[in-house]
Amino acid sequence: MDRLLQFVHRDGILDLGWGHPRPELLPVEAWAEAGAAAAREFGWRGLAYGRDVGPGPLIDWLAGREDAGAAAETFVTAGASQGLALVAEVLTEPGDVALVEAPTYHLALRVLADRGLELVPAPGDDDGVLPDAVAGQLRELRASGRRVPVLYLVPTFANPTGRSLPEQRRRALVELARRESLTVVEDDTYRELSYAGAAPPSLWRLAEGAGVVRLGSFAKAVAPGLRLGWINAAPAIVGRLADLGFVDSGGGVNHSVALTMAVFGASGAYDRHLAMIRERYAAQRDALVEGLSRVAAPDGGWFLWVPTPDGVHADDLLAAAERHGTSFVPGSRFHVGGRGGAGYVRLSFSHLPPPDLAEAARRLTRAMTGS
Ligand SMILES: Cc1ncc(COP(=O)(O)O)c(C=O)c1O
């Protein structure tokens, strides 16, 4: 085990399983400069207990970004994972049903299960959830006496599929949320990693704050080790988050890092970094897509969702892939209880440089064709 990192390196394996950034693309120097500048600018205030909702300089910078929430609608978190756990804590009770997109981010399923929620896959097709069918499902569940407070989904450059929910369905979901008093939890972690112009409008923006809670993260656009993100939600929900006992006890989450991020943002370093990584990740995507046959390139994010050949079970393909020196995450991991997705694999192009991705694609192709 590495004593610093979650990542586990395996000799001889070009691993397409990890949704981690490529180490060379993390902004080591620029972050160190922002940290030094933040220490000068904020002095002891940067090391004191922080304000409950997060520090003003970061919240103001966030509020000035495109597609943002207003300052009163923002709560700084230790990343989207913590954001989801906190939203589950204030919006649900153990025993409630949470609707989840299928497939969806596998570790979100764990976060929701930790709250004691029963996870029920929402109906969908290759483009994502189907709002009318979700409305029917919701009515049925509620008619049977279940509480269904939330629907969780990753509508933009999704993990694991890379796809984005069509705009018409976004609008229909927002409408549904309002009509049925359902909170849509929009995990917007990949929004900034767009490779073909602007990302689709967030559900949060379309809803103008009603019925949608958005989870933002700096993990992909800057660095996961910051453990920094934010929640956009109606001010009443922000108030409930700020009232949680652990915030009262410990102050705002991750205060010093949040202040460094404020400097990193306001100085222009963030936009420069983003422009650089968009170019690099797009090139990585292209290297993997070109190495495989008949795989469509997603417009953003870090993942390809690829069918296995001839209905081969992804677990069997995984064993063959590892014998050929590559790896991935089998599709069933992204379905509740592993029920579904056996004919798909998730490939990540985030972690390896283009030549390694091209070689991984060759190895995977050999595993798929049995050559
Ligand atoms: C959809 C999605 N949400 C959340 C996370 C975790 O985000 P954070 O590091 O901000 O907790 C990931 C990371 O892989 C993700 O893919």
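**Chat: a buried Asp and a ligand pocket**

Student: Hey, is Asp15 buried or exposed?
Tutor: Asp15 counts as buried, because its relative accessibility is 11% and the cut-off for buried is under 20%. Keep in mind that this is a predicted model.

Student: Okay, and which residue does Asp15 form a salt bridge with?
Tutor: With Arg10; the closest N and O atoms of that pair are 3.4 Å apart. In general, side chains of opposite charge can pair when their charged atoms come close.

Student: How exposed is Arg10, then?
Tutor: Arg10 has 33% relative accessibility, so it counts as partly exposed.

Student: How many salt bridges turn up in the whole structure?
Tutor: The search finds 21. Another one of them joins the side chains of Asp67 and Arg191, at 3.7 Å from N to O.

Student: Switching to the ligand: which residues come nearest?
Tutor: There are 13 residues around the ligand, and Ala80, Ser81, Asp187, Tyr190 and Ser217 come nearest. By type, the shell has five nonpolar, five polar and three charged residues.

Student: How much of the ligand's accessible area does the protein cover?
Tutor: The protein covers 92% of the 400 Å² that the ligand has on its own.

Student: Last one: which pocket is that space?
Tutor: The ligand takes up the largest pocket.

Terms used. Residues are numbered from 1 along each chain as its sequence is written. This is a predicted model: local features need pLDDT of at least 70, side-chain atom pairs count only at pLDDT 80 or more; totals for chains, interfaces and linings use all residues. Side-chain values use heavy atoms; hydrogens and water are left out. A residue is near a molecule or strand if one of its heavy atoms lies within 4 Å of it. Accessible areas come from the Shrake-Rupley method with a 1.4 Å probe; for residues, only the protein chains shown count as cover. On a 1 Å grid over the protein atoms alone, a cavity is a set of points where a 1.4 Å probe fits but cannot get out, and a pocket is an open set with protein on both sides within 12 Å along at least five of seven lines; lining residues have an atom within 4 Å of a point. A molecule sits in a cavity or pocket if more than half of its atoms lie within 2 Å of its grid points. Ala, Val, Leu, Ile, Met, Phe, Trp, Tyr, Cys and Pro count as nonpolar, Asp, Glu, Lys and Arg as charged, and the others, Gly among them, as polar. A salt bridge is a side-chain nitrogen of Lys or Arg within 4 Å of a carboxyl oxygen of Asp or Glu. Buried means under 20% relative accessible area, exposed over 50%, partly exposed in between (1.4 Å probe, protein chains only).
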